Amino acid sequence: MKKLIAIALVLMFALIGCASAEGFTFKMGIDAEYPPYSYLGDDGNYAGFDVEMCQKVCEILGWNLEIVPINWDTKDIQLDAEEIDCIWSGLTIYANGITEDRFTISFPYSDNSQMILTKQGTGIESFDDLAGKIVGVQMGTSAEAALTGDGEAAELGATFGALQPYQDYTVAFTELQAGAIDAIAIDAPVAKQKIDTYGDEYYCLEESYASEKYGICFRKADTELCKQVEDAYMQLVEDGTYIALGEKYGLDTGYLVLAAQ
Amino acid sequence: MTITAMIVKMSEGLGRTCAIFFLTLLFSLPLGLLVALLRMSKNRVVSTITKAYISVLRGTPLMLQLIAVAYGPFYLFGATLLVKQKLLAIIIAFALNYAAYFAEIYRGGIESMPVGQYEAAHVLGYSKAQTFMRIILPQVVKRILPSVTNEVITLVKDTSMAFTLAYMEMFSIGKQIANSQSSFTPFVIAGAFYYIMNSVVAFAMSRCEKALGYYR
């Protein structure tokens, strides 16, 4: 029995593993299910606009980078507990509790619009056509927040037959394909990626019902860390990496707000 | 991403899935027996506390228990050990949770033993401990094996709950692939993995039952 326990403990510590390289290791917290910003790439490594930007930032600053996939529902606890040093993953700032009195927040690096995505045959052409329809949305996202409560588009949300929350968009899409729901409320870049995958049968309404800003969120005390990341980020904007990566990941250049400045 | 690539990537998480499974069993089976004995204690205080433990652990979702174990100590005392050592937090939460279920299974088994056996053992001069270890427990183990198998099979599937703490076991990786590839295939693969693991568990447990089926 003692032997068994000893083996178990050894196994446990071996599996826990401790990555300790020299120098500062920047722990980037990502939602690994959020293409094209952060996701598991075809080669099995994490990829995406935010992931690559962070890799470049760490190169400039000479930091080691550890990418930590987090549970989006407990992201603020994981940040507080120093499991990660930042939340950097298509994070909507100034909303959903990501506010400046609670966190240190970087400048917004991307704009984003909330769109309605639907498929041929539903006859949905404008917001008015959504009255009484069932609209899917990802749980806990800004797309959901905007349509409910005091959200920017709560009035629109109130006209829906129902707003159906899903754990992830893959399931929501299958429901849309099957006709169980009529439309999906979704971020513009994610919508674009989904249309690329699923084909022309799907389309977005022209109008956007809300807009938001993406930024990087740090612990309240880490203002210096935020400043360093921002400075390095601006270098990448100036040398064109920012736009190049935006294009690589199919982001609408109109949203890449830092490029215009 | 090809199906093969998906399977390979998800297999990387299998080691972690197995670690959760085996370590949970290793700690929860003995702990469950201890809890069962405390639950049956003649001391009112001890049995009431144990009853409360079982009631809370069975009455709240494992997902909440995982969050409580990992982040509770941090918010209460600023301790970050369990935040940084995810597997440790997961094993503690799983072991405490499964011990509560196992305890009730053990208790059912122990209480099903006829009083006559205790009396006979007493007459033959067995001490209480000897009676329990040599006469009662071996029969209990045989009797409760089917119920234990049920729990063990549930445990295989419950390992996926570790995603709550963003621990990258097989199912969490599958979910990531599903969302980056917009595909349901990883879920099918995950289903196959779980089914195969549970077939092994069911086979091993039925062999155990056979091996213990003497006196039949």
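**Exercise 1.** Find the residue with positive phi that follows H9(A), and work out which residues of H9(A) are buried and which are exposed.

Step 1. Go to the end of H9(A): A:Gly250 follows this helix, and its phi is positive, near 70°. Helices here are DSSP runs of H or I with at least four residues, strands are runs of E with at least two, and both are numbered from the N terminus. This is a predicted model, where local features need pLDDT of at least 70, side-chain atom pairs count only at pLDDT 80 or more, and totals for chains, interfaces and linings use all residues. Residues are numbered from 1 along each chain as its sequence is written, with chains lettered from A and ligands numbered from 1 in the order in which they are written.

Step 2. Now look for burial in H9(A), residues 241-248: A:Tyr242, A:Leu245 and A:Gly246 are buried. (Buried takes 20 or more other C-beta atoms within 10 Å of the residue's own, exposed 12 or fewer, and partly exposed is in between; C-beta atoms are placed from the backbone.)

Step 3. Look down the axis of H9(A): the buried residues fall within an arc of 105°, so they line one face of the helix. The arc is taken over directions from the helix axis to the C-beta atoms.

Step 4. What do the buried residues of H9(A) pack against? Their partners are helix H2 (49-61) and helix H8 (223-238) of chain A.

**Exercise 2.** Describe how covered H7(B) is, and find what follows this helix.

Step 1. Count the buried residues in H7(B), residues 115-123: the total is zero among its nine residues, which leaves the helix hardly covered.

**Exercise 3.** Work out which parts of chain A touch chain B.

Step 1. Start with the totals: 27 residues of chain A are in contact with 27 residues of chain B. (Contact needs C-beta atoms, placed from the backbone, within 7 Å.)

Step 2. Pick out the elements of chain A that each supply at least two residues to this side: helix H1 (2-16), strand S3 (38-40), helix H6 (169-178) and helix H7 (188-198).

Step 3. Which helix gives the most? That's H1(A), with six residues.

Notes
Contact = placed C-beta atoms within 7 Å.
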